[in-house]
Each structure stands twice: as structure tokens, then as C-alpha cells.
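Visitor: Hi, I have a new structure open and would like a quick tour. Could you walk me through it?

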Amino acid sequence: MNDNRREEIELARRAAKGEYDAFEQLVKRTEARLYGHLLRMVNNTDDARELLQETYLSAFKNLKAFQGTAAFSTWLYRIATNHALMHFRKKKPEVAVEDLDVPTHEELKKRTISDWDMDPLQEAHKLEVRHILEKAIAELPPTYRAVVSLRDVEGLSTSETAKVLDINEGAVKTLLHRARIYLRELLSPHFEAEDLLHIEGGGK
């Protein structure tokens, strides 16, 4: 267990006993990344801020349920993601894995984009690419959006992402794999085929 995780567990323990300053420290440590995740999920600043408040309110009310078996930030991501997914379910049903319209391997080969596992997020250091990418992520169905945000943007491991979404690691890999293909399809009009071929697949 690293020092940061140990400190967060201790702060959570103190906060559960009613030390509000400890909870405030946890908020300061996590709010920027958590807000970024929620903003990618809902693509609306007002909704993201509201969901952020709901996340911390839920976390504060349920601090005694935090066992420390996972990082506190992972626990928060789970609460935040659940709130975001409920936000979408109030509007329309979730898209099932098998219903996501992604091309077949043969279709991709015909388009001269041969790397099935290409990860477009590795190009996100470029400002113009990041803007295009953020728009593309916003077009993903909510669960796929969550997987991409958690796994590829926030850098959570497959195991941590599975805990956040309450699914097994195989399901995380399947969702991420299909989401990356879908993202590539959304992004491909903005790039030359030969450029896409040089983007290596990461985080398999």
C-alpha cells in the first residue's frame, strides 16, 4: 500500500468519526479528477457540478461503509459513476454491449486501419486532438464512456475499473475494446489512415 492510499484511508477513518476537516482534505485531494471524470460522463458543466456535490454527499453519509480494501479515490469513482449512470437512466435506457454499432475486423481492414487495438487516447497530448477526442467520448453510450474515462483517462487499472463499475475484469476488457474501436470510427475522419496506423494500442 503506497503512502497516498494509506493517508487517504486514515483521513476517511477520521472523517467517519466526525472530523470534518479530514473530509475536506479528502475533497481537496480528489475533486479535480472526479469533476473531470463526471464532466466526461455527462458532457455538461452544470450537471457535472451537481453530480459532484451528490457524490461527496453520498460519500460523507456512507463513510463508515468504506472498508479500505480499495483506494478511497476508487470508492469515490464508483459512487460518482453510479450517480452519472443513474442520471442517464432517468433519460433513456442504457445501450447494451451487443447493440453498440462497431465495425467488424474485415470492415476495418478494408478501410486500411489494421490495428484492431489502436488506442486514440495516446494522441491526446495534442490540444487539437484532445478537443476532437473529448467530443468523440461524449458520443459514446454512458457505460462505455465510463470505462474509457476510468481506464484510459484517469489511469485506473482493469481491476480498479471493475470494482468501480461492479463488473468482472473480462467485462471491462470487452467494453474497453469495443469502446476504443467505436472511438476510432468517430475519430478516423479527422486523420489520415497512415497516421492512425502509428497509434499503438495501450492498456490492453
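Guide: Happy to. One term first: helices here are DSSP runs of H or I with at least four residues, numbered from the N terminus. Keep in mind as well that this is a predicted model.

Visitor: Good. Where is Asp166 found, then?
Guide: Asp166 is found in the loop between helix 8 and helix 9.

Visitor: Is that residue buried or exposed?
Guide: Asp166 counts as exposed, because its relative accessibility is 57% and the cut-off for exposed is over 50%. Its backbone is worth a look too: Asp166 has a positive phi of about 60 degrees, although it is not a glycine.

Visitor: Why point that out?
Guide: Most residues other than glycine have a negative phi. Asn43 also has a positive value, with phi near 55 degrees.

Visitor: Where is Asn43?
Guide: Asn43 sits in the loop between helix 2 and helix 3. Asn43 is exposed, with a relative accessible area of 52%.

Visitor: Let's go on to helix 3. How many residues does it have?
Guide: Helix 3 has 17 residues, covering 45–61. From first C-alpha to last it reaches 24 Å, close to the 24 Å expected at 1.5 Å a residue.

Visitor: What happens at the start of helix 3?
Guide: There, a side-chain oxygen of Asn44 comes to within 3.0 Å of the backbone nitrogen of Asp46.

Visitor: And which residues of helix 3 are buried?
Guide: Ala48, Leu51, Leu52, Thr55, Tyr56, Ser58 and Ala59 are the buried ones. Looking down the axis of helix 3, those buried residues fall within an arc of 160 degrees, so they line one face of the helix.

Visitor: Why would a pattern like that give one face?
Guide: An α-helix has 3.6 residues a turn, so residues three or four places apart point the same way.

Visitor: What does that buried face pack against?
Guide: The buried residues of helix 3 pack against helix 2 (20–42) and helix 4 (72–89). On the other side of helix 3, Asp46, Gln53 and Lys61 are exposed.

Visitor: How about helix 9, what is its span?
Guide: Helix 9 runs over residues 169–187, and its end C-alpha atoms are 26 Å apart. Its 19 residues should span 27 Å at 1.5 Å a residue, so the two values agree. At the start of helix 9, a side-chain oxygen of Asn168 reaches to within 3.1 Å of the backbone nitrogen of Gly170.

Visitor: Changing topic: what does Ser149 touch?
Guide: Leaving aside neighbours within four places in sequence, Ser149 is in contact with His37, Arg40 and Glu154. The side chains of Ser149 and His37 are joined by a polar contact of 2.7 Å.

Visitor: Where is Ser149, and is it buried or exposed?
Guide: Ser149 belongs to helix 7, residues 142–153. Ser149 is buried, with a relative accessible area of 0%.

Visitor: Last one: what is the volume of the largest pocket, and what lines it?
Guide: The volume of the largest pocket is about 360 Å³. Its lining comes from 18 residues, and Asn4, Glu8, Ala71, Ser73 and Thr74 lie nearest the centre. The elements giving two or more residues to that lining are helix 1 (3–16), helix 2, helix 4 and helix 8 (158–165).

Note on methods:
Residues are numbered from 1 along each chain as its sequence is written. This is a predicted model: local features need pLDDT of at least 70, side-chain atom pairs count only at pLDDT 80 or more; totals for chains, interfaces and linings use all residues. Side-chain values use heavy atoms; hydrogens and water are left out. The expected span of a helix is 1.5 Å times one less than its number of residues. Buried means under 20% relative accessible area, exposed over 50%, partly exposed in between (1.4 Å probe, protein chains only). The arc is that of the directions from the helix axis to the C-beta atoms. Contact means heavy atoms within 4.5 Å. A polar contact is a pair of N or O atoms within 3.5 Å; within protein, one must be able to donate a hydrogen and the other to accept it, and residues adjacent in sequence count only if both atoms are side-chain atoms. On a 1 Å grid over the protein atoms alone, a cavity is a set of points where a 1.4 Å probe fits but cannot get out, and a pocket is an open set with protein on both sides within 12 Å along at least five of seven lines; lining residues have an atom within 4 Å of a point. Grid points are joined across faces, edges and corners, and a volume is the space filled by probe spheres set on the points.
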